[in-house]
Amino acid sequence: MCGIFAYFGEKTHSPKLVIEGLKKLEYRGYDSWGIAYKKDGDIAIHKEIGKIGDVHNIEELKDESKIAIGHSRWATHGGVTQKNAHPHFSENKEIVLVHNGILENYLELKKNLEKKGHTFRSQTDTEVIAHLIEDYTRTHSFFDSVKMAMAEMEGRYAIVVMKKDEDALIAARRGSPLILGVGKKHGEYFVASDIPAFLKYTNKVIYLDDNQICTLKNGSTHFFDTIKKTDVQKRIIEIDWDIESAEKGEFPHFMIKEITEQKDTLTRAINQDPETIKQVAKKIESAESVFLVGCGTAGKACMVGQYLFSKISNKQVSFAFGSEFENYKNFINKKSLIIAVSQSGETADTLEAMEIAKGNGAKIVSIVNVENSSMARMSDFVIPVKAGQEKAVASTKATTSQIAILMLLAYACDGEINIGKQLLVNAASQINDMLNPRYEEHISKIAEKIKHVESMYIIGRGENYPIALESAIKLQEVSYIHAEGFAGGELKHGPLALISKDTPVIALVANDEQKKNIISNTIEVKARGGFIIGVSPENQEVFDYWIRVPDVGEASPIVNIIPVQLLAYKLAVLRHVDPDKPRNLAKSVTVK
Ligand code: F6R
């Protein structure tokens, strides 16, 4: 989703630097982009629709400036046009800003400003913020104007603001990520919505918290909390991400790199501090109600978790997508425990669910991949997923690690953390053997056979039912083939009508108590002409095509999703879709 990158310091090529920074954020998804920088006592703006492309063709790269802000836009309010692209000017072009998030009360604020004589050049909510700040600057300082505008702004956002006649940058956030990179040279700062954008220059970061404003001026920083109305001292954190892990290396795409990394990531996920796991397990045990919350793929990991808690630790755990959680708020109180699952730790719907739960007094645990993310910082307990940066929009390695952690917790609740660990260590080693070029070749052949189909279906039972749903997400988002997942037992209640000759159906057949039933469901599909791709430790007569997966007992959801991730990737490549940046989607969904 939208990306922000800004530079403040002594380097004179800040326009070039900001465009390069925006390119590093491309994985978040965007449809237009723009920069603004100080030039000859004025503000210059350059905006374009589409991708940044080859940076060397951009004239503005040569301009010299020590302050610049940039933005890659994923359209929400107003279509994909140059006018709607950020940065946005205020009425008199005194203020220019970039913005992530949504200004929920922009229509009301816009009407008031129009009454005061303001005219707007775009259809965006963002432009309203620029006008609002400028309106205050007529009577107040730059800093106070941003502060007063924030007091009127509703919704989740991150902004970086520049003023024509001040050598300063102001950054502020409420609910949308914004991170400060502390440059190696004194007085040099980067502001970005994600760390990889400035990792080339520094690994020293300061996380801006909700409702905080940061002013960069005269080579130093000033932080202010708009709720407590006090200055704040911030800590510089050194992160240990390396640049290499933020790059593709020898792989053609991040998605295949990240699928392959599952050889190691599971082992890292299992390697948790046992005390944290045991402490969280105790909380789960003692809570009156436990809710798993997540969105999309992370939501599917939660659904697997529900089955695991029920089967392994005899514990009833509820689940809600972040966007649906509010409907259950009457059941959330001081004795409730919320477990939020997220790769980015910044998903607006999940964050909002956590805020609701916190408001009702519940304790919060988060299972997040991005340490120090907003979710991590608002949780009582954090279990790090440790999958490393995930850059492809489609989540792969973070998912299997999230499931592994939920399984570890389920075993810990049963007092058997070591059994869970052993099971997962075995699964990790089997995945290491499974992911080899021959295996990929085998999956490529299936992809070649089905690359022109219009629809396909995936079936599973028990904890492999959510994996059928997750398989559908993977296939939809990167291959653009219509895919749906079903519980095997549900087929005869409707979906069987969709099956005709050669309709591909992936059957997830684990070696568990559901095996007989899911094979029966697969036979029902075959009898209607379906083309069966079996994902299973053993070949079955009903399979037209068999993808072997290791027999790893209760860890079957982890190994079963991997060949489907590979199939989705291969289909994307064969259908000439960029698997890393599927259309209409963004990596970090920071709006509701
Ligand atoms: C799909 C995918 C999304 C995310 C969802 C939540 O492959 O990645 O469905 O799972 O947007 O994101 P996080 O995990 O960052 O909260």
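A polar contact here is a pair of N or O atoms within 3.5 Å; within protein, one must be able to donate a hydrogen and the other to accept it, and residues adjacent in sequence count only if both atoms are side-chain atoms. This is a predicted model, in which local features need pLDDT of at least 70, side-chain atom pairs count only at pLDDT 80 or more, and totals for chains, interfaces and linings use all residues. Residues are numbered from 1 along each chain as its sequence is written, and side-chain values use heavy atoms, with hydrogens and water left out.

**The ligand**

Ala298 places a polar backbone atom 3.4 Å from an oxygen atom of the ligand. Lys474 has a side-chain N or O atom 2.9 Å from a ligand oxygen. For Glu477, a polar side-chain atom lies 2.4 Å from an oxygen of the ligand. The ligand taken alone exposes 410 Å², and the protein buries 89% of that (Shrake-Rupley method, 1.4 Å probe).

**Pockets and cavity**

Rolling a probe the size of a water molecule over the atoms shows where empty space is left. On a 1 Å grid over the protein atoms alone, a cavity is a set of points where a 1.4 Å probe fits but cannot get out; a pocket is an open set with protein on both sides within 12 Å along at least five of seven lines; lining residues have an atom within 4 Å of a point. A volume is the space filled by probe spheres set on the points.

| Space | Volume |
|---|---|
| Largest pocket | about 600 Å³ |
| Second largest pocket | about 510 Å³ |
| Largest cavity | about 80 Å³ |

The largest pocket has 32 lining residues; Trp241, Asn369, Val370, Glu371 and Gln389 lie nearest its centre. Its lining takes at least three residues from each of domain 1 (3-245) and domain 2 (254-574). By class, that lining has ten nonpolar, ten polar and twelve charged residues.

The second largest pocket is lined by 27 residues, with Cys295, Gly296, Thr297, Lys587 and Val589 nearest its centre. At least two lining residues come from each of α8 (296-313), β18 (336-342), α11 (397-413) and α14 (464-479). This lining holds eleven nonpolar, twelve polar and four charged residues.

The structure has one cavity of 30 Å³ or more. Among the residues lining the largest cavity are His71, His77, His86 and His99. The strands β4 (67-73) and β6 (95-101) each give at least two residues to that lining.

Methods
Nonpolar A, V, L, I, M, F, W, Y, C, P; charged D, E, K, R; others polar. Domains from an automatic or database assignment. Helix = DSSP H or I, 4+ residues; strand = E, 2+ residues; numbered from the N terminus.
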